[in-house]
Amino acid sequence: MLEVKLHDIGEGMTEAEVLHYFVKPGDSVVADQALVEVQTDKMVAELPSPATGTVKELLIKTGTTVQVGTTILLIEAEGAVNVPAQTEGPVAEAAVTVEEKTEEAPIATATKPKGPLRILAAPYTRKIARENDVDIEQVTGTGPAGRVTVEDVYRFMEGGQTPAVESTPIPAAQPAAAATAEATVETPKVPADVIPFKGIRKQIAKKMSHSLTTIPHVTHFEEIDMTNLMALRKELKEEGISISAVAFFIKALVVALKDFPVFNAKLDEENEVILLEKEYHVGLAVDSTLGLIVPVLKNAHQKTLLQIHSEMKELNEKARQGTLSGNEMRGGTITISNVGPLGSIAATPIINHPETAIIAFHKTKKCAVVTDDDEIIIRSMMNISMSFDHRVADGATAVAFTNRFAELIENPKKLWLELM
Amino acid sequence: MKVVERETVETNKQTTRSLTLVQAVTDALGTMLAEDDRVILLGEDIGKNGGVFRATEGLQAQYGEDRVVDTPLSEAGIIGSSVGLAVNGMIPIPEIQFLGFIYPAFEQIATHVTRVRMRTMSNYTVPMVIRAPYGAGVRAPEIHSDSAEAFFTHMPGIKVVCPSTPTDAKGLLIAAIKDPDPVLFMEPMRLYRAFREDVPEGVYEVEIGKGKKVAEGDDVTVIAWGAMVPVARDAAEKAKAKGITCDVIDMRTLFPLDKDIIAESVQKTGRVVVVHEAHETSGVGNDIISLINKTSFLYMKAPVEKVTGFDVPVPFFALEDHFLPTPKRVEEAIEKVYRF
């Protein structure tokens with residue numbers, strides 16, 4: 001009997017959720033055939049069959065999160081065991097460990113206790129949780145670095161998982177009812193919907209908390225006149241060339257970053273240096289169904305507008321389908337977030353640690369603008385919000401940077417000059 | 001002979017006298033010299049001169065040269081002679097001028113003082129009390145300021161006692177003299193004349209191996225001994241102004257440690273600061289932390305903080321204050337564990 005176990009698919013993951021099985025007990029499978037789909041904090045991956053044989057048993061219910069090393073299903077192999085092949089694509093990262101087992105041995109691993117989760121809590125907090133039969137792994141920590149505090153445990157026991165949830169105050173408009181205790185009918189508590197706080201959601205929370213607690217954020221706002229760029233895009237469209245505004249933003253960003261390299265930088269605290277990156281890898285914040293995912297458009301400085309446009313489309317699509325590889329989500333030097341299509345006029349975006357800056361592009365709308373000649377005209381205006389690490393850069397530099405960016409967007413001819 | 005300043009007062013029908021810590025030591029020695037003929041003091045210049053800190057002042061004049069013996073300048077000789085006296089029925093109380101001078105006698109202590117009882121299967125015991133002023137803060141030259149308690153708590157066979165008040169000093173010293181086994185009695189020279197206290201007359205004992213709570217609070221337990229007790233109390237007072245209340249425990253005995261008083265307090269507060277002026281590495285503070293892990297781990301709300309001397313020889317007087325734990329450093333540690 002072969003045990004198909006969840007292996008560390010990469011980047012030190014410790015757990016994954018079993019999404020669904022491609023096979024059922026009794027099915028014949030061939031080596032490398034996909035058996036089960038699992039989701040880690042970062043990606044969805046398929047675990048392939050280590051051998052040709054018959055599926056004997058599925059040990060883990062779908063929807064269950066299991067630790068690395070847990071046996072997910074059992075296969076009765078025919079003949080020699082196939083060592084996991086070096087295949088390409090996302091599946092390549094989903095290695096599977098195989099253990100030969102004798103028939104007599106009980107399937108103990110199926111019920112093996114879960115490995116240690118990295119829950120931060122003081123011993124006293126754990127004691128309180130244990131005494132009250134609270135599974136501390138289910139409690140959301142609100143302390144430093146997400147530590148579970150005693151208050152969190154008590155709050156969990158009362159049924160409120162998130163902090164600052166207060167019960168609705170009882171309206172004081174029923175004095176008659178309050179007068180007789182028997183007459184008081186307690187309003188039944190409507191149970192809250194429970195959303196598991198794990199996977200990508202938990203990963204986002206962790207990254208955001210880390211960024212916000214380690215980087216002193218400052219956000220600058222700027223308004224940019226989009227009229228000329230929109231006209232240019234319209235002109236190109238009439239000629240059959242469709243390029244998204246964001247592709248122009250990325251190009252203008254690279255030009256502005258070359259003038260103000262401090263925003264394409266990383267602070268290396270340990271060695272007390274600021275690294276000004278010479279490559280421009282732009283993170284694209286994407287709102288996928290799984291949550292916020294940030295694929296990285298690599299080497300934006302070496303690509304044409306058309307290349308940027310098509311590559312961006314591809315990355316967005318992969319992000320939405322959860323098929324991005326780890327490599328496609330690493331190595332960003334600055335991040336942008338295009339919330340314009342969704343609306344909004346301003347935000348305070350959180351920097352994608354360890355980068356120095358993030359820029360959000362907001363909705364473009366027609367506004368009455370006063371010209372230098374004191375005339376009122378209608379222009380298409382867009383706000384941008386740029387958060388930066390105040391340890392690395394100062395406000396004046398940030399303003400100069402956004403001014404430079406605005407100049408290139410407002411006057412696409414200047415952008416052409418830089419691109420030639 | 002100098003007249004020791006003494007006032008007599010009545011409190012709770014017990015006669016007491018207002019004494020400094022060093023006077024309380026003298027009182028304990030005088031009391032036991034009178035009480036038990038077997039008690040004999042030995043040390044350098046302790047007779048005519050009354051000792052380097054005048055702890056034995058007047059005792060030779062009163063009890064004679066056979067009971068209060070001026071010895072040659074030889075720590076190994078003093079301790080070795082004491083072992084011989086002890087196994088032959090006497091109760092020697094050798095004085096080492098400064099704890100830092102005890103190193104030449106180390107071999108005698110490690111191989112004889114602490115082992116005779118074990119080696120003779122309890123046919124012989126070594127009832128002796130090694131008195132030694134210790135610690136920094138009095139602007140003494142090199143080696144004089146060492147706080148070397150950890151060398152001795154590591155040696156099975158000898159108890160280590162360290163009082164912080166005159167009343168405890170007398171009671172613990174008498175208990176040590178009455179103990180059938182050897183005791184190292186560390187006297188914090190910084191507190192020798194720091195304050196006075198009403199000390200009971202006559203014979204009384206403070207139990208060896210029992211700590212004392214000297215301040216009551218709910219949030220943090222501060223553990224100290226000897227000269228660090230006033231520092232700990234001072235810091236606890238300052239923390240109180242910020243709304244943090246502390247249990248302050250004076251350990252009084254470093255071997256054996258009073259496990260119960262530590263566990264009781266720590267299980268109440270869940271937060272601990274250990275203060276000692278000895279070097280941090282391998283200091284007694286580490287044993288206290290390991291004890292807490294053993295008895296009270298599940299009660300801990302924050303990792304234990306230590307405030308100690310640094311891992312360098314105690315520096316000369318110009319830098320002494322920078323070496324010693326200060327109320328400010330202790331207060332910072334209290335805040336740190338409280339806000340963890």
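A salt bridge is taken as a side-chain nitrogen of Lys or Arg within 4 Å of a carboxyl oxygen of Asp or Glu. The model is predicted, so local features need pLDDT of at least 70, side-chain atom pairs count only at pLDDT 80 or more, and totals for chains, interfaces and linings use all residues. Residues are numbered from 1 along each chain as its sequence is written, chains are lettered from A and ligands numbered from 1 in the order in which they are written, and side-chain values use heavy atoms, without hydrogens and water.

Over all chains, the search of the whole structure finds 40 salt bridges. One pairs A:K56 with A:E76, with the closest N and O atoms 3.6 Å apart. This pair links distant parts of the chain. A:K56 lies in strand β6 (residues 53-58) of chain A, and A:E76 lies in strand β8 (residues 71-77) of chain A, 20 residues apart. Helices (H or I, at least four residues) and strands (E, at least two) are DSSP runs, numbered from the N terminus.

Helix α6 (residues 245-259) of chain A packs against helix α9 (residues 412-419) of chain A at about 60°, with the axes 10 Å apart. Axes are lines fitted to C-alpha atoms, for helices over the stretch in contact, and angles run from 0 to 180 degrees between N-to-C directions. α6(A) and α9(A) are therefore oblique to each other (under 35 degrees is roughly parallel, over 145 roughly antiparallel, 65 to 115 roughly perpendicular, and the rest oblique). Their crossing is left-handed (the near helix is turned anticlockwise from the far one by less than a right angle; clockwise is right-handed). From α6(A), A:F248, A:K251, A:A252 and A:V255 meet A:L415, A:W416, A:E418 and A:L419 of α9(A). Contact means heavy atoms within 4.5 Å. The residues of this contact comprise 6 nonpolar, no polar and 2 charged (Ala, Val, Leu, Ile, Met, Phe, Trp, Tyr, Cys and Pro are nonpolar; Asp, Glu, Lys and Arg are charged; the others, Gly among them, are polar).

α6(A) also packs with helix α7 (residues 305-321) of chain A, at about 120° and with axes 9 Å apart. α6(A) and α7(A) are therefore oblique. The crossing is right-handed.

Between chains, 6 residues of chain A contact 6 residues of chain B. The two chains bury about 700 Å², 69% of it on carbon and sulfur atoms (accessible area, 1.4 Å probe, lost on being put together, summed over both parts). In chain A, A:P123, A:Y124 and A:K127 lose the most area to chain B, together 64% of what that side buries.
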